[in-house]
Each structure stands twice: as C-alpha cells, then as structure tokens.
Amino acid sequence: MFILNDLHIGANRKAGATPTSAAALKQYLQSEFSRLVSQCNGHLCILGDLFDSFSVDVGEVVKVYETLCDYINEGNTLTMVCGNHDHSPRPGTSSFHLLAHILKSRFPLDVNVVDYTNGLTEVETGIWAISHMPNQSLFDLEIEKAVANNDIKMLLLHCNIENAFTEHSDHSLNLAGDLLDKVLHAGIRVVCAHEHTGRILHGGRVHVIGNQLPSSVSDCVNEMNDSKVYVEIIDFTVIEHLSCTLSTLYTKLDWTNLEDVDANLKFIRVGGFATAAEAPAALAAIAKLRQNHSAFVVTNAVQVEGLGTEMEVASLESVKSFNVLEALLEILSPEESKVVKELLEC
C-alpha cells in the first residue's frame, strides 16, 4: 500500500500571491499529484485533505478524476479517506464526496471510500482507517473501537498527534494521552496524516508522514529536513520515498537583496529588518519581486521597527488578504448565497 496525503489540490492562495502565481500553483499541484500517483502501484490510499477545501473548482475535481481513473484502469485499487479540509458541514456536498461518488460508481470493486459515516474501517488485512470525524468525542469513540479490535495491526489516521493546542478544536482532532497509550499498548502501529511536518515517535510505532508537496511557505519553513516523503507499507513496515527536495523550491531572502533571484524557486520568504523610514522601500521591493518572479508565493516576514515581530507582520498581511464575503459564500447553499448577494446589492 502507498499513501499520499494533505495534497491540498485546488489551493487558492491570496496572501503573498498574484492571480497569475496562484493559478500556477494550482497547476503545479495537479501535475505533481499525477507524477506521484504514477510512481505508486497496487493499492493507493489517499489519507485525507486531497483538496484544499470542501468546495473547489469543478475543473480541479475533473483533473484529479482523470488521474485516478488512469491509475485504476492499470489494474490498481484506491482508498479515499476524508480529511478535515475535505469534510463539509453539509453532509455529502463536498468536492471530495462528488469525486468519491463518481469513482465508486464507475469502479465499484476497486474504490473504497472512508468518511465519518463509516467510522473505523478495514482497508487492507490488518490495516484499518479512521477519517476525520465531526468532533473529538466521536473520534475518541472510534479509537476505543480500534483498541478493542484484535484484528488491527496498523491504524491510519488523519489527526494531530500529542498536540495540546487542539484540545478544544473539532476542526483539528488530536490523539494524545491515555488514548494514544491504549493504542500503543494494544500493539497497534499508527500512520498519521494531517500534520504537514513529518516525524517519528514512540520508537517508530507512530509515523507522522507530513505532506508530500508544499503549497505554502509554512510547508517549507517548518520542515526539519530538506525533503518531503510519501510512504509505502510492506508487511506493516513503513518505507519512505522522496517526493520533493525543499531546497530546490524554497529560500529565505533579505529584502535588501532581491536582485537575480533563482528563477526555479517557487516559495520565497522575504525577511530582514527595516526602520520605519525604510518600510515603504521594503514593501515596494517585495511587490516588485511578486510581479516579476515566477514563484507561487512570496511572503513578507520583514521586521519593521516599532511594528513587532515578523510573525505579527506576516499575520497582518494574511488578515488584510482575507475575504470575509468569499469565505461566507463558500459555506452557504446556492439559494442562500443568492439571497446574500441580493441584500448586498440593495
């Protein structure tokens, strides 16, 4: 079994991007997804967050459908596990479920779909999966079922591992404390998606894969190694395969030195320090780089005198780029969206 996860196809980046670079990022994610799928064979499991949100452009869904059809037509099988970004507050209305329905209808014997309606599900002998669940309590119940099931040797999850910051969040589930101890005590190995930075815990019994393709600067900054991987499971052993080398895609530059930037870079973080008087020049230099370079995302992490840390500056830029109306319309039905738009036009 091969596992791909957190691909975030259809990502619509606004902060640090231009319309042209945002479109190029979408195309890159599709082509890289196709490349990775072509390197797998036998049984492919997509372990959540195939798409960047529960509703992406239909064109993105069609391209993924074509890639997966080619894979299945070569005699392979597919398991699709719903992640938190795939999950819709309106049951059955997500891009994930549209794709899953079409594939399942065309290949009923070769496609397995796991979402919150299934709960704990066997995907291969000894290997079971739990998708993203609507809340932490339901997720915990499924974990308890896994602990009580003597047939499970490996558990595939889409959640955080030992992350205290998600304690009160249902959007991002967590496996920690007594429940994780129970899983390990039952002799179950865990392979986990959702976190974008890979790590291995508890003597190799817990394997956090990390995502295979960066779709943002943070995907590059937080990676401890220079590479991202996808995994293959053979006899319940996790084997890593290189998916991309980050140093060929990402760099951090000082705002005073943005000339002759490597044209192959796709994610750039501009840092350094600027006085209040230099701030306009720094912003102009970053804007010029965004317009003239082929990078997908160029973020502003310049520390400006009197404006706080670079994290605060970067957060400010993200807030400015957030479109509240667009986010609202994304979760409403077509009829509700129409009413909202009519009210705004009044």
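Biologist: Where is Phe236 placed?
Modeller: Phe236 sits in the loop between S12 and strand S13 (237–245). Keep in mind that this is a predicted model.

Biologist: Is Phe236 buried, partly exposed or exposed?
Modeller: Phe236 counts as partly exposed because its relative accessibility is 23%. Its phi is near 65°, a positive value in a residue other than glycine.

Biologist: What about His8, what is its phi?
Modeller: Phi of His8 is near 55°, also a positive value in a residue other than glycine. His8 belongs to the loop between S1 and H1.

Biologist: And is His8 buried or exposed?
Modeller: His8 counts as buried, because its relative accessibility is 4%.

Biologist: Let's zoom out. How many helices and strands does the protein chain have?
Modeller: There are ten helices and 18 strands in the protein chain. Of its 346 residues, 50% are buried.

Biologist: What share of the contacts with a separation of 6 or more comes from residues 24 or more positions apart?
Modeller: Such residues account for 65% of those contacts in the protein chain.

Biologist: Now the inside. Which residues touch the most other members of the largest nonpolar core?
Modeller: Those are Phe33, Leu44, Leu50 and Leu103, in a core of 44 residues. Two or more core residues come from each of these elements: strands S1 (2–4), S2 (43–47), S3 (77–81) and S4 (111–114), and helices H1 (19–38), H2 (58–73), H3 (95–106) and H6 (217–221).

Biologist: Which residues is Phe33 in contact with, leaving aside neighbours within four places in sequence?
Modeller: Phe33 is in contact with Leu4, Leu7, Ile9, Ile46, Leu50, Val64, Thr67, Leu68 and Leu213. Apart from this core lies another one of 24 residues, including Leu173, Leu179, Val183 and Val190.

Biologist: Over to H5, then. Which of its residues are buried?
Modeller: In helix H5 (residues 177–185), the buried residues are Leu179, Leu180, Val183 and Leu184. They lie on the same side of H5, because they cover an arc of only 135° around the axis. On the other side of H5, Asp178 and His185 are exposed.

Biologist: What do the buried residues of H5 pack against?
Modeller: Their packing partners are helix H4 (136–148) and strands S7 (154–161), S8 (174–175), S9 (189–194) and S11 (206–208). Just after H5 comes Gly187, with a positive phi of about 80°.

Biologist: New topic, cavities. How many of 30 Å³ or more does the structure hold?
Modeller: It holds one. The largest cavity has a volume of about 30 Å³.

Biologist: What lines the largest cavity?
Modeller: The lining residues are Gly16, Ala17, Thr18, Ser21, Leu289, Arg290, His293, Ala295, Phe296, Val297 and Val298. Helix H7 (279–292) and strand S17 (297–300) are the elements that give two or more residues to the lining. By class, the lining has six nonpolar, four polar and one charged residues.

Biologist: One last stop, Met224. Where does Met224 lie?
Modeller: Met224 is in the loop between H6 and strand S12 (227–234). Met224 counts as exposed because its relative accessibility is 75%. Its C-alpha atom is separated by 7.6 Å from that of Thr197, which is 27 residues apart from Met224 along the chain.

How values were computed. Residues are numbered from 1 along each chain as its sequence is written. This is a predicted model: local features need pLDDT of at least 70, side-chain atom pairs count only at pLDDT 80 or more; totals for chains, interfaces and linings use all residues. Side-chain values use heavy atoms; hydrogens and water are left out. A nonpolar core is a set of buried Ala, Val, Leu, Ile, Met, Phe, Trp, Tyr and Cys residues joined through side-chain atoms within 4.5 Å. Buried means under 20% relative accessible area, exposed over 50%, partly exposed in between (1.4 Å probe, protein chains only). Helices (H or I, at least four residues) and strands (E, at least two) are DSSP runs, numbered from the N terminus. Contact means heavy atoms within 4.5 Å. On a 1 Å grid over the protein atoms alone, a cavity is a set of points where a 1.4 Å probe fits but cannot get out, and a pocket is an open set with protein on both sides within 12 Å along at least five of seven lines; lining residues have an atom within 4 Å of a point. Grid points are joined across faces, edges and corners, and a volume is the space filled by probe spheres set on the points. Ala, Val, Leu, Ile, Met, Phe, Trp, Tyr, Cys and Pro count as nonpolar, Asp, Glu, Lys and Arg as charged, and the others, Gly among them, as polar. The arc is that of the directions from the helix axis to the C-beta atoms.
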